[in-house]
Amino acid sequence: MNPRLTRQELLRRGAAGTALLAFPSLLAACGGGDGDEATGELKDVLNFSNWELYMDTPQTRKAAGLTGPTTLQQFTAETQIKVNYFEDVISNSEYFATVQGRLRQGQGIDRDIIVSTDNDRFLGTYLSNGWALKLDKSLIPNIENLVDAQAHPPFDPDREYTLPWFSGMDGIAWNEDVTGPVTTVTQLLEDPKLNGKVGVWNSMGDTLGLVMLENGDDPAKVTDESFDRALAVIQKAQDAGQIRRFYGNDYAQPLSTGDLAASMAWSGDILNLGDPKLKWVIPEKGGIIWTDNMLIPTGGSVPTASTYMNFVYDPNIAAQLSLGANYISSVKGVPEEAAKLNPDAAANTLAFPTDDMLSQMHQNDPAMLTNPDYEKRWLAVQGK
Amino acid sequence: MTSVAAASPRARPGVARRAWAFAKRHALAVYALLAVGYLMLPIAVVILFSFNKPAGRFNYVWEEFTFDNWIDWNAVLGIQNAIVTSIEIGLLATVVATALGTLIAMAIVRHRFVGRGATNLLVFLPMSTPEIVLGASLLTLFLNTTAIFQLGFVTIFIAHVMFIVSFVVVTVKARLIGFDRHLEEAAMDLGANELTTFRKVTLPLIAPAMLAAALLGFALSIDDFVITYFNAGGTQTFPIFVWGIARVAVPPQVNVIASAIFIVAIALALGNVLWQYRSAKRAQGAA
Amino acid sequence: MGSFFHRHGAFTPYLLLAPGILWLAIFFLIPLAFLGYESLQSGLFPDFQFTWELSNFSNGIRDYREQIVRSFVYAGIATIACLVLAYPLVYWIAFRAGPWRNLFLLFIVAPFFVTYLVRTLAWLNILADEGPVVGALRAVHILGPDGRLLATTFAVVSGITYNFFPFMALPLYVSLEQIDPRLLEAAKDLYASSTQAFLRVTLPLSAPGIVAGTLLTFIPAAGDFINAALLGTPGQAMIGNVIQAKFLESLDYPGAASLSFVLMGLILVALLVYARIVGSERLTG
């Protein structure tokens, strides 16, 4: 009743199956969806995709001593534009993966503003592929409030397409209950007492950037030699079992439970966690500063987005945002405004760094971030 | 005196042997309980910490007991939408996939036809494909057919049915292979046509397998992350929601939802047990 | 007495198959075709060209041989562990649990209702370095004073075992459940001991379930990446992690696509070997 499926038959059927895979004609028609044209009109709705914990909420405002409505509500009150705020940027790579398909076809993604970080290859990729729309600077007079340090980034020298949202600093954090202070990258990667309990990032710009500084190289101008040197340091630590894992944002809990003794960590995370046994420093040889940038993707409404960007570049609004989210603003005059609103909170140097701290900060070289050979070797160190 | 002396040596080995026999008989039950314990351990932890009131953002140290999280279960933005979406998709996809899969299983097991081997292969292939490949390749299809498919609820539903069908087929097939056809033949000999036979004889007998397959399918659907992620567009299912929020710290409300689903499932099962018990009793009483 | 199906008997299988197979053809085969096309492309994102780039396959195998082998080893160990752990449990449920069997079946599947990530995080909690389990193991010297359970091969394989346990247990249950207990009685009547009855009656009759369970567990386990990502170090990276990184991080879609086919091809080979061993009729019925 049941015929035997002999091995030969299975192979034959399998071969017939794989022949189905050559479908060139079907795919010739691929692509070329008609894109939504960016309208020149102001809309009454703004769709904004951002990271989690990047916007003031009633709770965080209360904790920061701020009263009144949230900045989003203030924006709506002032401009009659409703904001649909999505906290769906979980990581630069994952967000990119979900939108690249539509962008590649010239289609919109139902967003007017999205955010991507400059320590990763994806921000540059949006721009180099023409998937970002030019800002309407006539609607952004507050752009003059942009701090000088951010005025001419290498990926967007004239700030035609992007504007900073928040910045954060890369440093080292440690768990007081598990270990004494860890203040240099070398100590982090080579101290045998920390073996197997060290975390680094899976992000090439952040991790190798800190290592390059430790090596005395400039992370903003990467050469093959400086890359090789930095990679070798990480490889050595990995081979010695020093590094437990390459983390994304999720190093914080293991650090807190003691699975990690010390880890490369972002200033904002540590601040937001409020766990008193976690300490954070800028490494002795300097740290990396990264910036999340707003951009208008294909299909977004340029006037609406530009209006919002102008709104958040008002120093008072920017100060509220910084106080409410605990990240660093790129708007001039924010520390002073914040001091007016809440002097104690404004004294927190993790969110309002001093000039001295900022002078120890460096940025990544976008050419390193988009180099495919570097990327492949970086993944190889992680076993991928 | 001699009778007492004679009695005691016989009693002691009896106890030991009886104890050993007791252990052997119940070893399997003990093992089963231990195994269930192992399976349930993380779930117990999850449920426990749903009642925790964390001091900071992290929920891994027990601070104090509170019902707040259960009362304010939807306090976290997006969590309610996410779980409702997950359940809707789960139910829909499971029903459709179980139906399609059972039909395929019946065809494969009971009929000889041209293309049977290829069908077997086709059903196996989704299971031998990594989830990330299933997800990414399906996305390519949807992106090239945006006139028909918009990323969202529908595309997630389609993706879920696609990967659940294979599991249904395999599960139901295992049951059908040992199925006694004589029962069906007997029914037809007694005058039932094929449809009636199917309804009254076949279906009830394969129902347990279909239920097992449906259970597995629903669990797969409600738990799926990778395939869903690629095809969700902006729609959030519960796993996607958790993935996003776990990047920093998981709020206790997530534990609450997870525990709630679990408790509902157990309650249904207990209800089923009670129902069967009462039906059996009633049958006994009637007999 | 003729019914529609009786008269059109030859069409019956095709009618039964049609809806399901159509679904798979449109939503599985065609996307795979796209993927196959992608695997033969070359170039950098987003400008890929179709160049019959077969070297994608050979390069993939050469560069990631370690991860490929590791994936199959981990999946194999986890599958065997699942079988050994699940069989006694499922046996008890099928033969001894009586009216409680549905409840226990639910216990098996229940972990899936608690979301992959949430239960893995619970394990991270339970097995934490400073947690009770590791503490106890250190106290009885199973682990050294600095020993840990997380970020090890043990953790990754255990994670895979735990997560795929229902895939083994349910098919096993389905085939055990239908074994007629009278067969076992008959065996006992013929003077078979419990062990003999098990080995010569129950075990062979449960073979389809074992085969189904093994396949359902091994195949997805080989392509898993989440356990290795959360519970392991880079030294435990599996081929799934490589493919994920290629899709998401390096945007090397041709490489990712070709590795996917390599993985699928190897699984097919393993399937054929397995079919040989157990007899192909068991595989297809």
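**View 1. A:Glu336 counts as exposed, with 12 C-beta neighbours inside 10 Å.** The scale behind that word works like this: a residue is buried if 20 or more other C-beta atoms lie within 10 Å of its own, exposed if 12 or fewer, and partly exposed in between, with C-beta atoms placed from the backbone. A:Glu336 sits in helix H14 (residues 334–341) of chain A. Helices (H or I, at least four residues) and strands (E, at least two) are DSSP runs, numbered from the N terminus. Look along the chain to A:Gln382, 46 residues apart from A:Glu336, and the two C-alpha atoms are separated by 43 Å. This is a predicted model, where local features need pLDDT of at least 70 and side-chain atom pairs count only at pLDDT 80 or more, while totals for chains, interfaces and linings use all residues. Residues are numbered from 1 along each chain as its sequence is written, and chains are lettered from A and ligands numbered from 1 in the order in which they are written.

**View 2. Chain A and the surroundings of A:Ala262.** Chain A has 18 helices and eleven strands, and 51% of its 384 residues are buried. Two residues are in contact if their C-beta atoms, placed from the backbone, lie within 7 Å. Of the chain A contacts with a separation of 6 or more, 79% are between residues 24 or more positions apart. Leaving aside neighbours within four places in sequence, A:Ala262 is in contact with several residues, including A:Ile172, A:Trp174, A:Leu188 and A:Val198. A:Ala262 is also one of the residues that touch the most other members of the largest nonpolar core, which has 289 residues; B:Ile104 and C:Tyr173 are among them too. Such a core is a set of buried Ala, Val, Leu, Ile, Met, Phe, Trp, Tyr and Cys residues joined through C-beta atoms within 7 Å.

**View 3. Chain B meets chain C.** Here 84 residues from chain B come up against 79 residues from chain C. On the chain B side, H1(B) gives the most, with 13 residues. Sorted by class, that side has 66 nonpolar, 13 polar and five charged residues. For the sorting, Ala, Val, Leu, Ile, Met, Phe, Trp, Tyr, Cys and Pro count as nonpolar, Asp, Glu, Lys and Arg as charged, and the others, Gly among them, as polar.

**View 4. Helices H4 and H11 of chain C pack together.** Helix H4 (residues 65–96) and helix H11 (residues 207–222) of chain C pack at an angle of about 145°, with axes 9 Å apart. Axes are lines fitted to C-alpha atoms, for helices over the stretch in contact, and angles run from 0 to 180 degrees between N-to-C directions. Among the residues that meet are C:Phe72, C:Gly76 and C:Leu83 from H4(C), and C:Ile210, C:Gly213 and C:Phe218 from H11(C). By class, this contact has nine nonpolar, six polar and no charged residues. H4(C) also holds C:Ile77, which is partly exposed, with 16 other C-beta atoms within 10 Å. C:Ile77 and C:Ser158 are 81 residues apart in sequence but 9.4 Å apart in space, C-alpha to C-alpha.

**View 5. Helix H5 of chain C is mostly covered.** This helix spans residues 101–109, and eight of its nine residues are buried. The buried ones include C:Arg101, C:Asn102, C:Phe104 and C:Val109.
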